[in-house]
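User: I am new to this structure. Can you walk me through how to read it?

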Amino acid sequence: MNVRKFAGWWLAIVMLSAVPLSGQEPPASRWEDAMQAFERQDRKSPPAQQANVFVGSSSIRMWKLQDAFPGHDCVNRGFGGSEMADAAQYVKRIVLPLKPRVIVLYSGDNDLSKNKTPEDVLAAYQDFARQVREQSAETKLVVLALKPSPRRFSLADKYRAANRLLEAAVKTDPHAVFIDVWSPMLGEEGFPRPELYMADQLHLTPAGYRVWNQLVEPHLAPRAP
């Protein structure tokens with residue numbers, strides 16, 4: 001094969017390898033629409049500064065924060081289907097500009113369902129926390145344990161392991177708190193309480209959110225007078 005033909009063949013392979021498979025978006029743009037939606041929302045109706053900012057996956061996105069915490073300024077930055085690494089990737093864009101007094105984080109659930117390891121979840125959390133601390137040493141981090149949903153309970157051992165790692169990491173930060181939502185969501189037989197979950201056996205019913213509300217509210221910053 002002459003040099004010119006070889007170079008053309010190699011260039012074609014490189015270009016093809018950069019094209020995503022059908023139906024898949026390049027990782028860098030997967031959440032761009034969601035990020036721009038947050039930014040448009042903020043321009044139209046600027047959120048409160050130094051509020052409680054909730055970030056994470058669909059369990060955050062579906063949380064009716066104004067109803068749950070009427071005495072607190074809360075901002076919802078949940079984007080469904082996201083993983084802990086996504087929260088870390090976008091924390092500087094959609095969370096830290098609000099200068100939150102408290103950040104409530106729920107993420108990692110989707111990670112484990114997609115064959116990531118508890119150690120992967122921990123590493124992504126550490127990246128998230130590092131970025132928060134680079135901006136503010138005293139912003140309170142409220143980290144929720146991964147929940148025990150019926151749909152994913154076959155992965156319970158992985159979830160427990162991830163929760164142990166997250167709890168240990170949180171304990172090293174004097175301005176962070178780990179909230180165990182796993183145990184209160186189990187029934188007497190040690191299985192998830194069915195009344196806490198929607199028909200999809202994954203997302204929370206109002207009863208499920210009431211469990212979370214009671215656990216989280218004591219850690220939130222009150223509305224400024």
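This is a predicted model: local features need pLDDT of at least 70, side-chain atom pairs count only at pLDDT 80 or more; totals for chains, interfaces and linings use all residues.

User: How many helices and strands does the protein have?

Analyst: Begin with the inventory. The protein has nine helices and five strands. Next, take their order. Along the sequence the pattern runs α-α-β-α-α-β-α-β-α-α-β-α-β-α. Then ask how far apart in sequence the contacting residues lie. Among contacts with a separation of 6 or more, 71% join residues 24 or more positions apart.

User: Which residues of α8 are buried?

Analyst: The general idea comes first. An α-helix has 3.6 residues a turn, so residues three or four places apart point the same way. In α8 the buried residues are Ala-156, Tyr-159, Ala-161, Ala-162, Asn-163, Leu-166, Ala-169 and Val-170. They pack against helices α5 (84–94), α6 (109–113) and α7 (118–135), and also against strands β4 (140–144) and β5 (176–179).

User: Which residues touch the most other members of the largest nonpolar core?

Analyst: In soluble globular proteins, nonpolar side chains tend to be buried together. Here, 46% of the 225 residues count as buried. The largest nonpolar core holds 68 residues, and Phe-54, Trp-63, Tyr-125, Phe-128 and Trp-212 touch the most other members. Helix α7 gives the most to this core, with seven residues. Look at Phe-54 for an example. Leaving out residues up to four places away in sequence, Phe-54 touches a set of residues including Ile-60, Trp-63, Phe-69, Val-104 and Leu-220.

User: And the largest pocket: which helix gives the most to its lining?

Analyst: Check the volume, then the lining. The largest pocket has about 180 Å³ of space. Helix α9 gives the most to its lining, with four residues. Both α4 (65–68) and α9 supply at least two lining residues each. Among the lining residues are Trp-63, Asp-67, Met-198, Thr-205 and Tyr-209.

User: Let me try Thr-205. Why does Thr-205 count as buried?

Analyst: Compare its accessibility with the cut-off. Buried means under 20% relative accessible area. Thr-205 counts as buried because its relative accessibility is 15%. Thr-205 sits in the loop between β5 and α9 (206–216). Its side chain reaches the backbone oxygen of Glu-195 at 2.8 Å. Beyond residues up to four places away in sequence, Thr-205 touches Glu-195, Leu-196, Tyr-197 and Met-198.

Note on methods:
Residues are numbered from 1 along each chain as its sequence is written. Side-chain values use heavy atoms; hydrogens and water are left out. Buried means under 20% relative accessible area, exposed over 50%, partly exposed in between (1.4 Å probe, protein chains only). Contact means heavy atoms within 4.5 Å. A nonpolar core is a set of buried Ala, Val, Leu, Ile, Met, Phe, Trp, Tyr and Cys residues joined through side-chain atoms within 4.5 Å. A polar contact is a pair of N or O atoms within 3.5 Å; within protein, one must be able to donate a hydrogen and the other to accept it, and residues adjacent in sequence count only if both atoms are side-chain atoms. On a 1 Å grid over the protein atoms alone, a cavity is a set of points where a 1.4 Å probe fits but cannot get out, and a pocket is an open set with protein on both sides within 12 Å along at least five of seven lines; lining residues have an atom within 4 Å of a point. Grid points are joined across faces, edges and corners, and a volume is the space filled by probe spheres set on the points.
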